[in-house]
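Hello,

Here is the structure, with sequence and coordinates. My notes on its salt bridges and nonpolar cores follow.

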Amino acid sequence: MNYDTFINLLFVRVPRADVTIALVALNILVFIGLAALSLSPLQIPSELLIRAGGNFALRVQDGEIWRLLTALFLHGGLLHVALNMFALYQAGQVVERLFGRLGFVVVYLGAGLLGNLASLWWRQGPVSIGASGAIFGVYGALLAYLTIQRGSVPVEVFREMRSGTLGFLGYSLFAGFAIAGIDNAAHLGGLFGGLILGAALAEPVQASRPVRWLALRTLAGLLAAGVVGGALWRATPDAAHELEVDTLYQQTVQRFALEDQELQREQGLLMEAVRTRRTSEAMALDNLERDLLPRWDRQVVQLSWRIAPPQREWQRRELIRYATARRDALKALLEGLQTRDAEAIERSRALQQEAESILVQMRLRKSVEEPER
């Protein structure tokens with residue numbers, strides 16, 4: 001088949017890419033509306049994107065599953081919508097003609113939904129928006145068509161389309177990994193969905209119909225996409241539970257920080273009172289043993305029983321080590337003062353230094369893993 005015949009067959013199949021044009025127009029109109037509401041076209045606030053139907057785990061898992069669809073038509077800024085719509089307009093016209101209008105709608109929405117499910121599975125915190133998952137699906141479907149129906153495409157067209165498609169996918173995925181804030185889970189999920197659906201729906205360009213909907217390959221592909229989507233949904237952590245766990249853990253850490261400061265302050269005041277003879281050593285030791293030491297024990301127990309989010313489990317373990325070192329340092333101090341044992345006193349100092357070292361290492365790790373924005 002030569003180039004002219006191929007192009008003629010495409011335009012006979014779909015004279016005008018109405019679905020692509022409608023999708024581009026709809027995305028731009030929605031963005032204009034959001035920009036007008038926010039008065040900030042360069043950066044739409046997350047709160048407004050959530051209210052408008054963004055893919056936000058707490059809302060989706062609370063029954064608002066429609067957000068998986070509406071999020072495909074929301075964009076976070078002028079550059080975001082401009083780049084996405086340019087890519088959609090370029091590839092959409094070709095893919096719509098290869099798969100027909102209905103086939104293109106199935107590819108676009110199916111891949112977009114899989115992309116949003118992958119995003120939901122990967123991270124439940126921030127709101128996810130944008131057509132990029134669906135657009136990756138469009139390019140994935142094009143790549144699948146070029147692979148399965150290679151004989152339907154002239155050599156020069158095949159090479160041009162393949163290089164353009166691979167170039168777009170490669171650059172976009174690299175940028176997604178290199179630049180913070182880009183939802184690569186949605187990109188990969190959409191790409192995978194597009195590959196599945198594209199392989200399932202692809203028919204030779206000479207065929208009388210763009211898609212044979214009752215063909216075994218078509219039905220198997222649609223079923224496979226549905227199974228993948230269902231698996232992602234079932235595997236997604238419960239965001240509400242995760243939020244509850246994180247909130248309770250943070251409250252425990254905050255209480256521990258306050259109690260840590262108070263215990264060290266009270267211990268310092270008692271030791272100073274003994275040194276200046278404002279209280280007897282016996283009374284100070286009794287206070288340390290009956291009040292401060294049990295409070296340190298309670299802190300160790302509370303940290304040991306509290307469940308931490310997976311990303312903060314290391315912090316919980318280090319806090320337990322820190323609290324244990326502080327408690328053991330107090331025990332050694334009590335032993336040393338009661339028995340006049342110099343070795344116990346020295347052991348207490350060593351444990352206090354160990355606790356300080358744990359604290360410094362925790363702060364260093366936190367500064368590396370959670371840099372200020």
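Salt bridges

E203 is buried, at 7% relative accessible area (buried is under 20%, exposed over 50%, partly exposed in between; 1.4 Å probe, protein chains only). Its side chain meets that of R212 in a salt bridge of 3.2 Å, N to O (a side-chain nitrogen of Lys or Arg within 4 Å of a carboxyl oxygen of Asp or Glu). R212 is partly exposed, at 41%.

This is a predicted model, so local features need pLDDT of at least 70 and side-chain atom pairs pLDDT 80 or more, while totals for chains, interfaces and linings use all residues. Residues are numbered from 1 along each chain as its sequence is written, and side-chain values use heavy atoms, without hydrogens or water.

The whole structure has 22 salt bridges. In helix α14 (residues 342-369), R349 and E346 are 3 residues apart, about one helical turn (helices are DSSP runs of H or I, at least four residues, numbered from the N terminus). Their side chains form a salt bridge at 3.4 Å, N to O. R349 is partly exposed at 47%, as is E346 at 46%. Salt bridges with shared partners also link R16, D18, E96 and R101 into one network.

Nonpolar cores

The largest nonpolar core has 64 residues, of which F6, L88, F99, F104 and Y108 touch the most other members (a core is a set of buried Ala, Val, Leu, Ile, Met, Phe, Trp, Tyr and Cys residues joined through side-chain atoms within 4.5 Å). Helix α6 (residues 78-122) gives the most, 15 residues. A separate core of 29 residues includes L292, V300, A355 and I358.

Regards

Key:
Helices (H or I, at least four residues) and strands (E, at least two) are DSSP runs, numbered from the N terminus.
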